[in-house]
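The exercises below are meant to be worked through with the sequence and the model side by side. Each begins with a task, and a solution follows step by step.

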Amino acid sequence: MAAISRDEVAHLARLARIEMTDAELDHLASEMDLILESVSRVQGVAGADIPPTSHAIAMQNVMRPDAVVPSLTPEESLSGAPAREEDRFKVPQILGEE
Amino acid sequence: MIHQSAAQMSADLAAGSVTAVELANAHFDRIAAVDGDVHAFLHIDREGALAQASAVDASRKAGEKVHPLAGVPLALKDVLTQKGVPTTCGSKMLEGWRPPYDSTVVTNLKKAGVVILGKTNMDEFAMGSSTENSAYGATRNPWDLSRIPGGSGGGSSAALAAFEAPLAIGTDTGGSIRQPAAVTGTVGVKPTYGAVSRYGLVAFSSSLDQAGPCARTVLDTAMLHEVIAGYDPKDSTSINAPVGKMVDAAKKLDIKGMKIGVVKELSGDGYQAGVLTRFNEALEALVSAGAEIVEVSTPSFEYALAAYYLIAPSEASSNLARFDSMRYGIRVGDDGSRSAEEVMNMTREVGFGREVKRRIILGTYALSSGYYDAYYGSAQKVRTLIKRDYEAAFAKVDVLVSPTCPTTAFKIGEKSDDPVAMYLNDVCTIPVNLAGIGSMSLPCGLAPEDGLPVGFQIMSPAMKDELMYQVGGTLEAALESSWSKPLYASAPELAVK
């Protein structure tokens with residue numbers, strides 16, 4: 001049985017905000033199946049007593065002094081904006097009309 | 001003059017027998033002559049490079065004290081920001097983007113007076129082992145133009161092997177510095193995680209990404225290492241400790257009494273015969289130099305690849321959410337009728353390539369509720385086991401060694417339709433990233449069956465990067481005395497246009 005269905009891949013693509021064609025979904029679903037089969041080897045390797053590692057070199061609560069330093073100007077910040085209006089990023093509508 | 005080491009260029013600059021402007025121009029001429037075939041560079045910054053070179057020449061002329069690498073040219077992987085210079089990460093998503101700030105790596109390079117020639121090609125967002133995943137076309141291996149130069153940093157390694165630059169910067173998440181170095185007969189170092197600031201390094205997998213130095217010799221790599229490493233308050237994972245003496249270590253040429261562990265699990269089936277032949281010869285050279293070789297077992301390495309291909313895509317799926325078409329990068333479909341979400345969906349469809357989409361989807365899956373414990377959680381536990389394997393090994397030996405890759409460079413197109421086969425190429429390099437330790441690849445000869453470079457990997461404990469330079473420098477000297485010239489000098493001549 002397939003580990004992941006085409007519908008599941010379509011759902012993941014929606015969550016990841018990537019539009020996909022039917023052909024892309026078909027292709028990816030079969031690839032994902034192979035990849036998941038190969039990575040599922042990690043399951044059950046470590047016992048319940050083994051803690052997870054998120055960072056190899058552990059550090060906690062790293063702070064830097066709260067000093068005022070020069071930052072980007074509005075012009076610099078907006079230099080890569082796909083669209084702008086005055087000193088702001090211009091974006092498509094976020095809320096529905098209603 | 002382009003065939004010299006960076007150390008020799010540095011000496012010539014100091015002696016006044018060449019200027020930084022002359023060196024930069026010689027490299028631009030070389031790039032113009034060969035990069036049509038090699039395609040190592042995505043962008044050339046002639047104006048910026050010559051301005052930096054002139055400034056260095058003026059400082060030297062005025063008798064000011066400058067850094068030894070001041071005026072030496074460098075190729076920068078296109079994943080690090082350089083103010084005002086295009087930074088694409090090999091992706092259509094960032095086409096035309098000129099970052100408004102320098103990465104800390106670039107700040108350090110500029111401070112030392114290193115001349116940045118341009119930005120090098122890479123697999124999109126550093127995801128890949130062949131540079132075939134670049135949205136701007138593949139880079140070709142200077143040793144054989146029908147083969148891959150490694151990845152993701154194939155542009156940087158190819159630039160070195162083709163004498164388009166004596167120094168380069170790479171980044172290594174699962175082997176993207178070391179595997180390209182191995183297949184192009186050059187040297188590449190992944191420093192201990194946190195040794196080089198990640199500020200301005202476009203993130204792929206934040207807990208694994210590490211920038212590092214690349215060059216044609218161990219000494220050149222050490223010199224560059226000392227320039228780019230160091231504490232940076234702008235990166236919360238930066239190590240707050242003095243940078244070790246890498247140059248001194250590379251020059252030591254003495255490993256008498258050192259214990260070197262050969263990783264049992266990184267050998268055997270699936271390894272090309274010629275790779276193992278050259279690897280074993282290098283071990284003999286280390287023994288002749290006075291080291292003791294012992295076999296070490298690291299049983300959890302068997303699961304490293306699987307753990308990596310869950311952890312890295314998981315972090316990537318989160319990191320790449322920033323490419324939402326709102327603040328920078330391309331925007332597709334914004335015709336006034338569509339919502340932000342629709343525009344986002346269309347932009348990410350067009351902006352990302354196949355491999356990036358594959359990893360985002362895989363990461364989204366591994367992190368989703370219901371699957372989290374089975375996939376991401378299990379992978380993190382395996383990461384603990386791998387770290388423990390290293391700790392146990394380093395309790396017995398000073399450094400560990402293995403081949404850098406199971407094979408020499410494969411053909412362009414050979415594995416592009418089989419992601420799992422492609423991922424297997426990283427089997428020797430990945431455990432290092434999961435454990436956060438330092439590692440070097442240096443050339444150990446040409447495989448007898450295909451005449452292509454073989455990489456030798458040295459792994460040293462976290463915060464002891466000097467050790468790999470000490471062993472690497474000694475091995476390089478021993479091998480070169482048996483070859484009569486450096487390996488990189490044996491590369492076939494490229495057609496000059």
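Two residues are in contact when heavy atoms of theirs lie within 4.5 Å. The model is a predicted one.

**Exercise 1. Describe the overall build of chain B, and compare its radius of gyration with that of a compact globule.**

Step 1: Count the elements, which come to 16 helices and 11 strands in chain B.

Step 2: For 497 residues a compact globule would have a radius of gyration near 23 Å, and because chain B has 21 Å, its value agrees with that expectation. Along the principal axes, the C-alpha atoms of chain B fill a box of roughly 70 × 55 × 45 Å.

Step 3: Consider the interior, where 66% of the 497 residues of chain B count as buried. Among the contacts in chain B with a separation of 6 or more, 75% are between residues 24 or more positions apart.

**Exercise 2. Find which backbone features stand out at B:S152, B:L253 and B:M463.**

Step 1: At B:S152, look at the peptide bond that comes from B:G151, which is cis with omega near 10°. B:S152 lies in the loop between strand 3 (115–120) and helix 5 (154–161) of chain B.

Step 2: B:L253 is not a glycine, yet it has a positive phi of about 50°. B:L253 belongs to the loop between helix 8 (246–252) and strand 7 (259–263) of chain B, and with a relative accessible area of 48% B:L253 is partly exposed.

Step 3: B:M463, again not a glycine, has a positive phi of about 70°. The loop that holds B:M463 lies between strand 11 (453–460) and helix 16 (465–483) of chain B, and B:M463 is partly exposed at a relative accessible area of 46%.

**Exercise 3. Work out how much area chain A and chain B bury between them, and what makes up the side of chain A that touches chain B.**

Step 1: The size of an interface is often given as the accessible area lost when the parts come together. Here chain A and chain B bury about 5200 Å² between them, with 65% of it on carbon and sulfur atoms. In chain A, the residues that lose the most area to chain B are A:R17, A:V42 and A:P92, together 12% of what that side buries.

Step 2: In terms of contacts, 55 residues of chain A meet 68 residues of chain B. Across this interface, 21 residue pairs are in polar contact. Helix 2 of chain A gives the largest share of the side of chain A that touches chain B, namely 10 residues. By class, that side has 34 nonpolar, 12 polar and 9 charged residues.

**Exercise 4. Trace the salt bridge of A:E31 into chain B, and say which residues share its network.**

Step 1: Side chains of opposite charge can pair when their charged atoms come close. A:E31 forms a salt bridge with B:R358, whose closest N and O atoms are 2.7 Å apart. Because A:E31 lies in helix 2 of chain A and B:R358 in helix 12 (residues 354–367) of chain B, the pair joins two chains. Both A:E31 and B:R358 are buried.

Step 2: Within chain B, the side chains of B:R359 and B:E355 meet in a salt bridge at 2.7 Å, N to O. B:R359 and B:E355 are separated by about one helical turn, because they are 4 residues apart in helix 12 of chain B.

Step 3: Salt bridges with shared partners join A:E31, B:E355, B:R358 and B:R359 into one network.

Technical notes. Residues are numbered from 1 along each chain as its sequence is written. Chains are lettered from A and ligands numbered from 1 in the order in which they are written. This is a predicted model: local features need pLDDT of at least 70, side-chain atom pairs count only at pLDDT 80 or more; totals for chains, interfaces and linings use all residues. Side-chain values use heavy atoms; hydrogens and water are left out. Buried area is the accessible area (1.4 Å probe) that two parts lose on being put together, summed over both. A polar contact is a pair of N or O atoms within 3.5 Å; within protein, one must be able to donate a hydrogen and the other to accept it, and residues adjacent in sequence count only if both atoms are side-chain atoms. Ala, Val, Leu, Ile, Met, Phe, Trp, Tyr, Cys and Pro count as nonpolar, Asp, Glu, Lys and Arg as charged, and the others, Gly among them, as polar. The radius of gyration is taken over C-alpha atoms; the globule rule is 2.2 Å times the number of residues to the power 0.38. Buried means under 20% relative accessible area, exposed over 50%, partly exposed in between (1.4 Å probe, protein chains only). A salt bridge is a side-chain nitrogen of Lys or Arg within 4 Å of a carboxyl oxygen of Asp or Glu.
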